[in-house]
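Hello,

Here is the structure I promised to pass on. Please have it open while you read, and my notes follow just below.

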Amino acid sequence: MDPRAVLHDVTLQAGRAAERNVRRTRQADRRAGDRHAPSRAAGDHVRWHRRRSETGRRHSLRHRTAAVTLAAAATAGAVVAALVRSDRLSLDALIGDVHGANELAWELRSRIYRRTRPGGVGRWMRHGLLPGIRRPGIGLAVGSPARYTTDGIAEWIRETIGDAAGHWPDAPTTIVAYEVEGRRRVAFGTEGSPDVDLATAVAASAAVPVVFEPVEIDGRHYVDGGVASGTNADLLLGSPEPLDLVIVVAPMAPNEGRPDSRFYEDYFSRLGGAALDDELQRVRAVWPAVDVIVLRPDAAVLTASRPNPLDPGAALPCFLATLRSMRGMLAGPEVWPLLEKHFASTRRHRSWLARRRSGRT
């Protein structure tokens, strides 16, 4: 199975589904006598994009949506944020020059899992085990010794995005980790957070307790931000201006579980769902007019990923299941009109559809 071939097929189907939704929306607008002019919010967004282009900076679809802060809570989100902000997000960047599931799994395993000598038992006792006994929960594992280090992840980020790994992006970007000593969420890229480069922040956000050793920064230790929340949507409230649209990718907050789930899966899903509900409640309280899209895993994605989310062998099945799931979600009647409202004018849609039909995109 060649992942590139499957990706091409799924992307093509997603494009066709999107085209159908565009046609249906236009037909409904014409019947209602509405030419579907861009909203004021969309117009403001276009003017922002135009100002950016006048500075001579390169702009793409990713930069046109940069007014929405990237807030990454865990490993996958941190990696994607780094690739997006360095303009390196592509299938080649994610999987490298591999062909087939077995070769991909081997490549990921060698890239991610670098053995180290476990240490920090005293740190774990003070900041994880003893507080966790008093208040049982996921915090029990915080700061624990582990067999692997995230050095390989940081090295891969540096090799992939080059000089961009050595500093922080200009566009609004937040990568979340959890400080072991303070037992608190830390959002790199915000005021008051440690001054780190992009690669180090990704490594800290990827340090899953028990599996990876914590990452030390300025004498403090940090682990996966998913310990606090898998989404951290409330961090968007740090935007200097209200946002029109918030898109949340919530892999730890599915609407439903999967058949034959393991005992711990429902527990993590409840934690993720409760955290997300609280965060969105706060966002809507401050920005009552904001549109929110939450993308959650369906049963097929959970079946591919949940038995062992850290198994490199599950990466390709999970990736393909997610693409198929996203095709349906993004082209669906509840999501597509919001995306069209905020991101595209009629002229831009026609241009995009024309390029897709001609095979140029």
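Which residues in H4 and H8 meet? In H4 they are Val 79, Ala 82 and Leu 83, and in H8 they are Trp 156, Ile 157, Thr 160 and Ile 161; a contact here means heavy atoms within 4.5 Å.

Before the rest, a word on what you are looking at. This is a predicted model, in which local features need pLDDT of at least 70 and side-chain atom pairs count only at pLDDT 80 or more, while totals for chains, interfaces and linings use all residues. Residues are numbered from 1 along each chain as its sequence is written, and side-chain values use heavy atoms, with hydrogens and water left out.

**The overall picture**

The protein has 14 helices and nine strands. These are DSSP runs numbered from the N terminus, with helices being H or I of at least four residues and strands being E of at least two. Of the 361 residues, 46% are buried. I use "buried" for under 20% relative accessible area, "exposed" for over 50% and "partly exposed" for in between, with a 1.4 Å probe and protein chains only. Among contacts between residues at least 6 apart in sequence, 70% join residues at least 24 apart. The exposed surface comes to about 19,100 Å², with carbon and sulfur atoms supplying 53% of it; accessible areas come from the Shrake-Rupley method with a 1.4 Å probe, and for residues only the protein chains shown count as cover.

Two packed helices are described by the angle between their axes and the distance between the axes. The axes are lines fitted to C-alpha atoms, for helices over the stretch in contact, and the angles run from 0 to 180 degrees between N-to-C directions.

Helix H4 (residues 75-85) and helix H8 (residues 151-161) pack at about 20°, with axes 10 Å apart. H4 and H8 are therefore roughly parallel to each other; angles under 35 degrees count as roughly parallel, over 145 as roughly antiparallel, 65 to 115 as roughly perpendicular and the rest as oblique. The crossing of H4 past H8 is right-handed. For handedness, a crossing is left-handed if the near helix is turned anticlockwise from the far one by less than a right angle, and right-handed if clockwise.

H4 also packs on H9, where the axes come within 8 Å and cross at roughly 165°. That makes H4 roughly antiparallel to H9. The crossing of H4 and H9 is left-handed. Thr 75, Ala 78, Val 79 and Ala 82 of H4 make this contact with Leu 198, Val 202 and Ser 205 of H9.

The axes of H8 and H9 come within 8 Å too, crossing at roughly 145°. H8 passes H9 in a right-handed crossing. On the H8 side the contact involves Ile 153, Ala 154, Ile 157, Arg 158 and Ile 161, and on the H9 side Leu 198, Ala 199, Thr 200, Val 202 and Ala 203.

How many residues of H9 are buried? Eight of its eight residues are, so H9 is mostly covered. Its cover includes H4, H8, S4, S5, strand S6 (215-217) and strand S7 (220-224). In H8, the buried residues include Gly 152, Trp 156 and Thr 160. Among the elements that cover the buried residues of H8 are H4, helix H6 (101-112) and helix H9 (198-205). Just after H8, Gly 162 takes a positive phi of about 65°.

**Loops worth a look**

Arg 183 is not a glycine, yet it has a positive phi of about 50°. Arg 183 sits in the loop between strand S4 (173-179) and strand S5 (184-188), and at 30% relative accessibility it counts as partly exposed.

The loop between strand S8 (245-249) and helix H10 (265-286) holds Asn 255. Asn 255 counts as exposed because its relative accessibility is 63%. Asn 255 and Pro 297 are 42 residues apart in sequence and 8.0 Å apart in space, C-alpha to C-alpha. Asp 260 lies in the loop between S8 and H10 as well. Asp 260 has a positive phi of about 60° although it is not a glycine, and with a relative accessible area of 74% it is exposed.

**Aromatic rings**

Searching the whole structure gives seven aromatic pairs. Ring pairs link Phe 263, Tyr 264, Tyr 267 and Phe 268 into a cluster. Rings of Phe, Tyr and Trp (its six-membered ring) pair if their centres lie within 6.5 Å; planes under 30 degrees apart count as stacked, over 60 as edge-to-face and the rest as tilted.

Best wishes
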